[in-house]
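Please keep the sequence and the model in view while reading.

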Amino acid sequence: MFVKNINTSQAFIANDGCQIREWLHPANDAVDLPYSIAEATIEVGQSSYRHKLKQKEVYLILSGAGQMHINGEVQLVKRGDCILIPDESIQWIENIGDEKLKFLALVNPPWTKEDDIRM
């Protein structure tokens, strides 16, 4: 059995500017998974940088409200929303609410620093 609490994960700032805490990553945890899962946080009034990943990505909004940008399309997002981000898409998300914007980021294949390209 594998159990990991998010509070044991060290926070770091990813290339897109988000504060990240990895929940599961096959390179760092004893798991055989084709994806990684991380919790991302963006402070009120802030946004991630324009960037793209070589991998597909899914955001699951846990709290807050934002404005999601993917390849020129823009949509408001909020707690409970699921966002599919195709591979190689130019993307960023803005926190337009009055609380921290938190979301899970599922990346398939797993996220790597080298595949996270700031525009």
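How many positive and how many negative side chains does the chain have, and how far apart do the centres of the two sets lie? In this predicted model, there are 12 positive and 17 negative side chains. The centres of these two sets are 2 Å apart.

The fold comes next. The chain contains zero helices and 11 strands, so its pattern along the sequence reads β-β-β-β-β-β-β-β-β-β-β. Its radius of gyration is 14 Å, close to the 14 Å that the globule rule gives for 119 residues, so the chain is as compact as a globular protein of that length. Along the principal axes, the C-alpha trace spans about 40 × 30 × 20 Å.

Contacts and surface can be read at the level of the whole chain. Of the 119 residues, 40% count as buried. The accessible surface comes to about 6,900 Å², and carbon and sulfur atoms account for 52% of that area.

Beyond its neighbours within four places in sequence, Tyr59 is in contact with Met68, Ile83, Ile93 and Phe103, among others. The contacts of Tyr59 also include Asp16, His51, Asp81, Cys82, Ile85 and Gln91. Leu104 and Ala105 are in contact with Tyr59 as well.

A loop residue makes a second example. Val31 sits in the loop between strand E2 (19-24) and E3. Is Val31 buried or exposed? Its relative accessibility is 17%, and because buried means under 20%, Val31 counts as buried. Leaving out residues up to four places away in sequence, Val31 touches Phe2, Leu24, His25 and Pro26. Asp16, already named as a contact of Tyr59, is 15 residues from Val31 along the chain, and the C-alpha atoms of Asp16 and Val31 are separated by 25 Å.

Notes:
Residues numbered from 1 in each chain as written. Predicted model: local features only at pLDDT ≥ 70, side-chain atom pairs only at ≥ 80, totals over all residues. Heavy atoms only, no water. Helix = DSSP H or I, 4+ residues; strand = E, 2+ residues; numbered from the N terminus. Rg over C-alpha atoms; globule rule 2.2 N^0.38 Å. Buried < 20%, exposed > 50% of the residue type's maximum accessible area, 1.4 Å probe, protein only. Areas by Shrake-Rupley, 256 points an atom, 1.4 Å probe, with all protein chains shown as cover. Lys, Arg positive; Asp, Glu negative; His and termini not counted. Charge placed at Lys NZ, Arg CZ, Asp CG, Glu CD. Contact = heavy atoms within 4.5 Å.
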